[in-house]
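Please read it alongside the sequence and the coordinates.

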Amino acid sequence: MREYPIFDELRQRIYPMLKPIQLLVAIRERKLPMIVYRPFLADLMLTYVIDEQTSIAYLNEDHLERWELTEHDLHPTAIANLRQRTEEKTSYTIAGEGASRLLIYNTLDGFDATRLLLPKLLERHRINFPGQMVIGIPNRDFLIAFSDADREILTNVANQIQRDAAERDHGLTDQLFTLRGGQIREYEWQ
């Protein structure tokens, strides 16, 4: 419900954020202005937020109407801001080797899972994973990439992702993802 009269003053603070699609039900029940979103994979949607240092504000349809923009106009700006933030300010952890290798984003900046929307960033690491790179985003503040080359590791990490998605704050999904053709896809167990 915040007023943001001029888009250009906010442009550098607009980011995408993955959220469960059921958030739309809560918005409708509370009779709030509809947020700007696009469907994603695995019962998730992509929303757009303004980073306000200690909180976020969701952009809604009223904002876009006032700014004479569409979601398609907003999307490239939000992705570019996430990419820049990630490359300039964000660190990640790599642990293990071969089929035991893990890539983890856990900065707690609210956008760790949303880094899934940066396939080129993840593609840089894919060469170090035997088999397919599998990606989990159990909650807003965690992204983990690992290999499916060792079935036991795949099963154990997938089970932990499932528990975390159900139990952690800001849960997102227990669905696993992968990179295929430079794009994020749902991972299919074989």
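This is a predicted model: local features need pLDDT of at least 70, side-chain atom pairs count only at pLDDT 80 or more; totals for chains, interfaces and linings use all residues.

1. Counted over the structure, the salt bridges come to eleven, and the pairs discussed below are among them.

2. Arg-11 and Asp-8 are joined through their side chains in a salt bridge, with an N to O distance of 2.8 Å. Asp-8 has a relative accessibility of 55% and is therefore classed as exposed, the cut-off for that class being over 50%. Arg-11, at 30% relative accessibility, counts as partly exposed.

3. Arg-126 makes a salt bridge with Glu-123, and the closest N and O atoms of this pair lie 2.8 Å apart. Both residues belong to helix α5, which covers residues 119-126, and because they are three residues apart in that helix, about one helical turn separates them. Arg-126 is partly exposed, with a relative accessible area of 32%, and Glu-123 is likewise partly exposed, with a relative accessible area of 29%.

4. Elsewhere, salt bridges with shared partners link Asp-51, Arg-85, Asp-109, Asp-112 and Arg-115 into one network. Within this group, the side chains of Arg-115 and Asp-112 meet in a salt bridge with an N to O distance of 3.0 Å, and both of these residues are buried, whereas Asp-8 in point 2 is exposed.

How values were computed
Residues are numbered from 1 along each chain as its sequence is written. Side-chain values use heavy atoms; hydrogens and water are left out. A salt bridge is a side-chain nitrogen of Lys or Arg within 4 Å of a carboxyl oxygen of Asp or Glu. Buried means under 20% relative accessible area, exposed over 50%, partly exposed in between (1.4 Å probe, protein chains only). Helices (H or I, at least four residues) and strands (E, at least two) are DSSP runs, numbered from the N terminus.
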